[in-house]
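Morning, everyone. I'll take you through one structure today. Have it open while I talk.

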Amino acid sequence: MTPKIQALTKAGSAIAVAASLLVAGQAFAADSALTKNQEEGKSIAFAKSEGNCLACHKMADGTQPGNIGPMLIAMKIRYPNKQDLFDVVWDPRKKFGSGVIMPPFGDHKILTKEQIEKVVDYLYTL
Amino acid sequence: MKKLVTTLLIAAIGTGVGTAMAADNNAPSAANNFNPLNNPSDPAKFAQEYRDYFYKNFPQIPHDKYNMGVYAFDKDAFSQYQDMMQFPPQDDYIAAGKKFWEDYRLPNGKPLSSCVGDAKGLRAKYPYFNTKDGKVHDLESDLINCQLNAGVPKDKSLGSKKGYKDLASVSAYLSSMSQGLKVDVKVPSDPKAVAAFNNGKHMFFRKTGQLNMSCADCHMYHATQMARSETLHPGMGNTTGFPVFRYSKGKMITLNNRLFGCMRDTRTIPFKQYSSNMLDLEYFLAYIDNGLEINGPALRK
């Protein structure tokens, strides 16, 4: 490796480190704004064996989301009444009809009432 | 007039709820174009409507490419597929299956072909409805039953856990011996055959399990969309490539095994392997594939 390339590589890694610190800092800033419940709701929503919302929905921070359902954004504006959003997660068939592909998370005991409340708390931050 | 419309609407919703097959109001427009409740009970007419749904909603997929699954329309997946096919992992199975087919003898000294006939074109004769026993037969279950009827103990048969590798190999070999032939599944004019087809259809459209999903939810109404990073393949051309070597599992998977896995993964209790519900579902899917080229043993991610 020539000195010039070495210097370039060093500069490159310095930038990479700085960038990752920046990203980590931003992520930290965003997460620290969440309450404990919202934070727990987020991890339930993202976990494959729990909410697994990302299987179908695009949402902030989520990697490789599916595109079967609508993007989860501006949830507070779309569902001004929080209970309505809870009801959709509990059993989407009531709002969207019996053919809807979204699982009835509460009605089929995929998540508990407390878990869904936390997920809804988190969705409200999106 | 308004009252009539309302009544009709309520009636329509009522039937929809009853069988849990109503169209998905939340889904993209494609979902609303097929209502299996309008379906004719005649298998040929139903299959035509079913195929038309796919032609209409996925014009990007040419008819004869449906037997390629997602590789027919997903360019990235297709290029990965081509890489995987540099050294086709199916070849070892085909060779092992050929050897098994030629060397294996039943307790009575006869080969498996004494039950099912010659290897050439055999796959293309399956699945079929046997009017004598009133049941759907698939190739794998006929091979297993051939052994059981000849006195092979169940735990030593191709249907056992230990026998699975041989079963998958011989299944792969037999598919390779029908490559290029077209699927030609018949529903004879026997009420039991029509009932078997319709039961298979019901298995495909019924909502089931903890996640409350049907096969149709993903592979019809939401086909070509993404579940996480996986593209959902359409519910047509599913049977032609089986058994398939799955890269993610590192082994050859029979159709029965695949359906079993899909049910388990969507959190429903799978039907027993080679049970009538499972065979009827295979029968339904294969009938839909009529006219498509047999291209097994195929390769899937």
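**Loops, helices, interface**

Start with B:P127, in the loop between α5 (113-116) and β1 (128-130) of chain B. Helices here are DSSP runs of H or I with at least four residues, strands are runs of E with at least two, and both are numbered from the N terminus. The peptide bond from B:Y126 to B:P127 is cis, with omega near -15°.

Before I go on, the ground rules. This is a predicted model, where local features need pLDDT of at least 70, side-chain atom pairs count only at pLDDT 80 or more, and totals for chains, interfaces and linings use all residues. Residues are numbered from 1 along each chain as its sequence is written, chains are lettered from A and ligands numbered from 1 in the order in which they are written, and side-chain values use heavy atoms, leaving out hydrogens and water.

Back to the loops. B:F242 and B:P243 are also joined by a cis peptide bond, with omega about 0°. B:P243 sits in the loop between β4 (230-231) and β5 (244-246) of chain B. Over in chain A, look at A:Q64. A:Q64 is not a glycine, yet its phi is positive, about 45°. Its place is the loop between α2 and α3 (75-78) of chain A.

Now the helix packing in chain B. Two packed helices are described by the angle between their axes and the distance between the axes. Axes are lines fitted to C-alpha atoms, for helices over the stretch in contact, and angles run from 0 to 180 degrees between N-to-C directions.

Take α8 (residues 191-205) and α11(B). Their axes are 7 Å apart, at an angle of about 90°. That makes α8(B) roughly perpendicular to α11(B). The scale: under 35 degrees is roughly parallel, over 145 roughly antiparallel, 65 to 115 roughly perpendicular, and the rest oblique. Contact means heavy atoms within 4.5 Å. On α8(B), the contact residues include B:F197, B:M203 and B:F204; on α11(B), they include B:L281, B:F284 and B:Y287. By class, this contact has eleven nonpolar, three polar and two charged residues. Nonpolar covers Ala, Val, Leu, Ile, Met, Phe, Trp, Tyr, Cys and Pro; charged is Asp, Glu, Lys and Arg; the others, Gly among them, are polar.

Next, α2 (residues 43-57) and α11 (residues 276-288) of chain B. Their axes come within 10 Å and cross at roughly 65°. So α2(B) is roughly perpendicular to α11(B). Among the residues in contact are B:F46 and B:Y50 of α2(B), and B:F284 and B:I288 of α11(B). The count is eight nonpolar, no polar and one charged.

How do α2(B) and α8(B) meet? The axes of α2(B) and α8(B) come within 11 Å and cross at roughly 30°. They are therefore roughly parallel to each other. B:P43, B:F46 and B:Y50 of α2(B) meet residues of α8(B) including B:V194 and B:F205. Here we have seven nonpolar, no polar and one charged residues.

On to the chain interface. The contact takes 24 residues from chain B and 25 from chain A. The two chains bury about 2,000 Å², 50% of it on carbon and sulfur atoms. Buried area is the accessible area (1.4 Å probe) that two parts lose on being put together, summed over both.

A:E40 lies in α2 (residues 36-46) of chain A and A:K118 in α6 (residues 113-123) of chain A, so the pair ties together parts 78 residues apart in sequence.
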